[in-house]
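Please read the report below alongside the sequence and the structure, which are shown first.

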Number of protein chains: 2
Amino acid sequence: MFVKYEDLIKLFTEKLVKHGVEENLAREAATIFADNSCDGVYTHGANRFPRIIRYIDEKVIDFSKVLTEVSTFNAFAKYDGHRGFGPLNAKKAMQIAIDKAKEYGIGGVCLVNNNHWLRGGTYGELALENNMVGICFTNSTGILPPWGGKEPKLGNNPLVMAVPCEGKHILMDMAISQYSYGKLEETRLKGQKLPYPGGYDENGNLTTDPGAIEKSLRALPIGYWKGSSLALLLDLILAVFGAMPTKDISKQKEEVGLSQMFIAIDPTRFESQEYIKSIVDAIIEDVKSATPVDEKSSIRYPGEREYKVRKENLEKGIPVLDEVYKTIIEL
Amino acid sequence: MFVKYEDLIKLFTEKLVKHGVEENLAREAATIFADNSCDGVYTHGANRFPRIIRYIDEKVIDFSKVLTEVSTFNAFAKYDGHRGFGPLNAKKAMQIAIDKAKEYGIGGVCLVNNNHWLRGGTYGELALENNMVGICFTNSTGILPPWGGKEPKLGNNPLVMAVPCEGKHILMDMAISQYSYGKLEETRLKGQKLPYPGGYDENGNLTTDPGAIEKSLRALPIGYWKGSSLALLLDLILAVFGAMPTKDISKQKEEVGLSQMFIAIDPTRFESQEYIKSIVDAIIEDVKSATPVDEKSSIRYPGEREYKVRKENLEKGIPVLDEVYKTIIEL
């Protein structure tokens, strides 16, 4: 079925309030869920909503806990999320980084002791709305083995980069695993193979069989040893600011207490918005001018598909799976 | 043959001075080359030295041109490298970012109109020496096709991340291509195959044959579409601060006029050095405790091998290929 953007926000808000969330916070949180579905990232929108309600009921997440400042040193600050609702805290932290970038040219916030930030794109989006370059990342529970090893000691630690350009929506939201476990499951349920190897089977051979990877727990990081290094470095950077690292997140029953880094830089202090638009447009145009490898392929910039889906969904309504809608209505 | 670290610096300095470089600059540059060879990155050390001398003679690089400030806004600054010697300008730019981080908690410099920075690790090293987290990247000439396209429109744009920890040397220096063209050539000359697919052959099939990739110019970015996005974003971030983008770098006869970004963050404003050491040690220990996939594999952190090689080379002398040494002596 299709639900209007405003109606989805209203529905989420109502349910959050019913489960004890204060109305203003509920509306902010509802908007984040609706935005994710609206951009076509359904896994982090409507599909995820029932789990968050369960977390509230089970007191895994306490919406009343909002981030507080631990300490600030001019352009960089450390905040504590007190294990509140991850995306609300993360959005506020990114806004603080952006405000610092307005004041200092560059600004950063490390948000420790928070929870899952849901979709990393949310914080890149905030950078774009403020004409800022945004670089953000989070740690997470261990799902990837380090290169040369077997057990999943590394998080998939998504890395987000956003570049402002009027009329475009350039936003990379990249997990370090080649495929998410959600994608592996989806592909397996469809009885399909992965287009490229996504991990190892239990005999240590690279495989495109999603079920074999789910069994071995040896999903592949992007670029083999390179993604392994990148996932480790992102966890280490957060840890030196006091974050609970992946190794300890992994020991818990639920994936809670995650930490995030938000960096914003203001290019408009150095180049005009007109120049920024013209150079970004020219680069994207050049990249898109490459000869397609076959008639099916299209060359897209990161964020382009989400932007297109957003426009369509705002117009036609947001697709929500019937069973998901039914579950939400009954919450 | 093996050359002592100090003797290598002396040799490089003499040759640079002979080719018209001012003595102090020559010594600084010589140290960068010697450090790269000392860390086992010979391609960016002694092996590269003769080409730089040629660039000086042909006036492609002008050592007398040092970076100047374009504009500064508190914690972030833009500098112009005036197409001087890339690594010297880049090292100074990273030092400025570090000094800003000391003052503001976080600091950044975008260095435009510079040249090739040689080895990205040099600037991560500087972060480590200053107990800083470092994040640096450069753009470069197009060698990677965008995902879905054929022509090499994207640079391999190395991304560097460094995390300080006493007694360790955690430094990732990661190009976005799965293998460098240098590695492809080396593997082909040895008559070997790549351990994992490194690109496409001329029929559009993934291949481990290095020669086929050299022909098609379709090297693989890490993580297929993911590395393609990352390479593009790094180029775009630099471009919005006024850098010449990859598309224009690629139009030139030589790979000159590259730009770099340097970001430093000071974790010691937020956590003690003792805490930082203890948490980093614990994370690395945990990662290394993974069961090796086979008896040949060892689990290393990024930078570990270079650190070990450095110690060995400082002790036993730095290996320099006889023909390379002969070429340098004759310069």
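With a relative accessible area of 32%, A:Thr268 is partly exposed, where buried means under 20% relative accessible area, exposed means over 50% and partly exposed lies in between (1.4 Å probe, protein chains only). A:Thr268 is found in the loop between β12 (260-265) and α10 of chain A, helices (H or I, at least four residues) and strands (E, at least two) being DSSP runs numbered from the N terminus. Neighbours within four places in sequence aside, A:Thr268 touches A:Asn131, A:Gln273 and A:Ile276, contact being defined as heavy atoms within 4.5 Å. The C-alpha atom of A:Thr268 is separated by 9.2 Å from that of A:Gly105, although the two residues are 163 residues apart along the chain.

## Basis of the description

This is a predicted model, in which local features need pLDDT of at least 70 and side-chain atom pairs count only at pLDDT 80 or more, while totals for chains, interfaces and linings use all residues. Residues are numbered from 1 along each chain as its sequence is written, chains are lettered from A and ligands numbered from 1 in the order in which they are written, and side-chain values use heavy atoms, with hydrogens and water left out.

## Relation of the two chains

The same surface serves both copies, since 100% of the contact residues of chain A recur in chain B.

## Salt bridges

Over all chains, a search of the whole structure finds 40 salt bridges, each being a side-chain nitrogen of Lys or Arg within 4 Å of a carboxyl oxygen of Asp or Glu. One of them joins B:Lys153 to A:Asp286 at 3.1 Å, N to O; this pair crosses between chains, from the loop between β6 (142-144) and β7 (154-155) of chain B to helix α10 (residues 273-288) of chain A. B:Lys153 is buried, at a relative accessible area of 19%.

Within chain B, B:Arg310 and B:Asp39 form a salt bridge whose closest N and O atoms are 2.7 Å apart. Because B:Arg310 lies in helix α11 (residues 304-316) and B:Asp39 in the loop between α2 (23-38) and α3 (49-57), the pair ties together parts that are 271 residues apart in sequence. B:Arg310 is buried at 18%, and B:Asp39 is buried at 3%. Also in helix α11 of chain B, B:Lys308 and B:Glu312 are four residues apart and thus separated by about one helical turn; their side chains meet in a salt bridge of 3.8 Å, N to O. B:Lys308 is exposed at 55% relative accessibility, whereas B:Glu312 is partly exposed at 33%.

## Helices of chain B

The axes of helix α1 (residues 5-18) and α3 of chain B come within 10 Å and cross at roughly 15°. That makes α1(B) roughly parallel to α3(B), the term covering angles under 35 degrees. In this pair, B:Phe12, B:Lys15 and B:Leu16 of α1(B) meet B:Phe49, B:Ile53 and B:Ile56 of α3(B).

Helix α5 (residues 121-129) of chain B is mostly covered, with eight of its nine residues buried, among them B:Tyr123, B:Glu125 and B:Leu126. After α5(B) comes B:Asn131, whose phi is positive, near 55°.

Definitions and conventions
Axes are lines fitted to C-alpha atoms, for helices over the stretch in contact, and angles run from 0 to 180 degrees between N-to-C directions. Angles under 35 degrees count as roughly parallel, over 145 as roughly antiparallel, 65 to 115 as roughly perpendicular and the rest as oblique.
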